[in-house]
Structures are given as C-alpha cells and as structure tokens.
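Biologist: Could we go through this model together? I would like to begin with the aromatic residues.

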Amino acid sequence: MAESSHSASELLEIVVRGHARDSYPPERALLSLSIDFSGTNREAVYTDAVEVQGRIVESLNSLEERNAVSTWHSESVHVWSYRPVDAKGKPRELLYVTKIRVTTEFVDFDELNAFIDAWATVEGVDVGGVRWDVTREGRAEHERELRRRAVDDAVAKAQAYADAVGRGEVRAVQLADPDMLSSGPERMARVTFAGAPADAPTLELRPEDIDIDVSVDARFVAS
C-alpha cells in the first residue's frame, strides 16, 4: 500500500484548454422587412400597408411551397398618429402611420436575391437587412466535430508539456466546458458563434463563411 501511495504522488497533473475553430458556408439567410405607410387619411394608410403585406405574404407562401423559404412570420403591426411641426414650430396636419414587420428565412439564396430585387423598390417597403447563419442541425453537427478536435488539441498540448519535463504518456482524468474546472464562483459553458454581418442587400449577395469556435478544458496526469 505504501508503494502505491508513493507512486500516485509522483503523478504530474496538467490542465490545459483545447481549441477548435472552422468556417462553414452559410445555409440560411434571415431577412427582415418592414412595410411603412404614412399620410393624413388614417384608413387609406392602414389599407395600403395591409395590401402590400398581403402581396408579400402571397409571394412568401409560393416560395415556401417551392422550398426556397423554410419559414416566415408577420407578427408585429403598429398603428399610431403624430402631429409634425414646421420650421417655425407651428403644428401641421395630423399624420397617421402604419408599420408592419415581416421576417423570413431563406434557404435558396438565388430566390433571396430575386425577392429583394422585386420588393426593394416597392413603395412603402423597407429591406432591413440580411443575417447569415448555418441551420440548427448543421451547427449541432459542426460543433460535435469541433468538440472532438478540441479534445485532440488538448491532448496534444498536455503531451507536449509532459514531454518537456521528461514524463510519459498523458491520461485524461477530467473534461469540461470552459471554466467548469475552475473553482471560481462563476461557471459557464462557453461555445462561441460569430457570423459576418450583412451589408445592405443587393442583387448579388455574397456572404462570408460562418465561424464556429469550440473550447474544452481538460485535466491530465502523466507518470
């Protein structure tokens, strides 16, 4: 028993953080639109906004049937009025405003370009921007592979430390998300995701790849 205890005390403990990062082509585009009309006739302003929204919805339903759009939503409608003033501060005629928001997820980027081309010049339609992403399933698959690579990176780092001090092969005794091995009060699993912001939509949108970064903390021992 004494010999076993002495042998255990000779073990070298090594704690490292492994990283893996890669870039992936975007698989979906999140497009935001708003339909904005204003004028002095409350009913006409509202009717015009709803009419344009109906045409957009009809187009999106057709794209969804062709599997170019995976989902769309139009859940936000705001109607209000305000009284502007002129340069001298004198109140002007009351104006009415109707704003309707539409968000949609495109998976066919050629159809996205055509949709923006068709609607960007329509009166009352404001193209808010495009946010690029991978699919939820795709991201989960990418992260699984990156976690394996992060562990491989941690093993390589730990072995390099062991080799530097003349120790043998390392053996993992703990794996955790970043900072889970620390004893601090805040423990958080951390997987970072960064997507390139989209510029103003054009007929040829060329998104950058999506960067996904995964880290893992690991504790090893080496004899």
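Biologist: Which residues do ring pairs link into a cluster?

Modeller: Ring pairs link F106, F115 and W119 into a cluster. Rings of Phe, Tyr and Trp (its six-membered ring) pair if their centres lie within 6.5 Å; planes under 30 degrees apart count as stacked, over 60 as edge-to-face and the rest as tilted. This is a predicted model, in which local features need pLDDT of at least 70 and side-chain atom pairs count only at pLDDT 80 or more, while totals for chains, interfaces and linings use all residues. Residues are numbered from 1 along each chain as its sequence is written, and side-chain values use heavy atoms, with hydrogens and water left out.

Biologist: How many aromatic pairs does the structure hold?

Modeller: There are 3 aromatic pairs in the structure. In one of them, F106 and F115 have ring centres 5.4 Å apart and planes at 50 degrees, so the pair is tilted. For F115 and W119 the centres are 6.3 Å apart and the planes stand at 45 degrees, so this pair is tilted.

Biologist: Are F115 and W119 buried or exposed?

Modeller: Both F115 and W119 are buried; the term means under 20% relative accessible area, with exposed over 50% and partly exposed in between (1.4 Å probe, protein chains only). F115 has 4% relative accessibility, and F106 is buried at 0%.

Biologist: Where do F115 and W119 lie?

Modeller: They share helix α3 (residues 109-119), where F115 and W119 are 4 residues apart, about one turn of the helix. Helices (H or I, at least four residues) and strands (E, at least two) are DSSP runs, numbered from the N terminus.

Biologist: How many helices and strands does the protein chain come to?

Modeller: The protein chain has 4 helices and 8 strands. Along the sequence, their pattern is α-β-β-α-β-β-α-β-α-β-β-β. Of the 223 residues in the protein chain, 34% are buried.

Biologist: What share of the contacts with a separation of 6 or more comes from residues 24 or more positions apart?

Modeller: That share is 77% in the protein chain, where contact means heavy atoms within 4.5 Å.

Biologist: Turning to charges, how many salt bridges does a search of the whole structure find?

Modeller: The search finds 15 salt bridges, each being a side-chain nitrogen of Lys or Arg within 4 Å of a carboxyl oxygen of Asp or Glu. One of them joins D179 and R17, with the closest N and O atoms 2.9 Å apart. D179 lies in the loop between β6 (170-176) and β7 (191-194) and R17 in strand β1 (residues 12-24), so the pair ties together parts that are 162 residues apart in sequence. D179 is partly exposed at 27% relative accessibility, and R17 is partly exposed at 25%.

Biologist: With which residue does R17 form a salt bridge at 2.6 Å?

Modeller: That partner is D217, and 2.6 Å is the distance between the closest N and O atoms. D217 counts as buried, at 7% relative accessibility.

Biologist: And what about R147 and E143?

Modeller: R147 and E143 form a salt bridge whose closest N and O atoms are 3.7 Å apart. The two residues are 4 residues apart in helix α4 (residues 136-164), separated by about one helical turn. R147 is partly exposed, with a relative accessible area of 36%, whereas E143 is buried at 14%.

Biologist: Which residues are linked in a network of salt bridges?

Modeller: The network links R28, E105, D133 and R139.

Biologist: A change of topic: which residues does D126 contact, leaving aside its neighbours within four places in sequence?

Modeller: D126 is in contact with S32, L33, S34 and D36. The C-alpha atoms of D126 and S34 are separated by 5.2 Å, although the two residues are 92 residues apart along the chain. D126 lies in strand β5 (residues 125-133) and is partly exposed at 42% relative accessibility.
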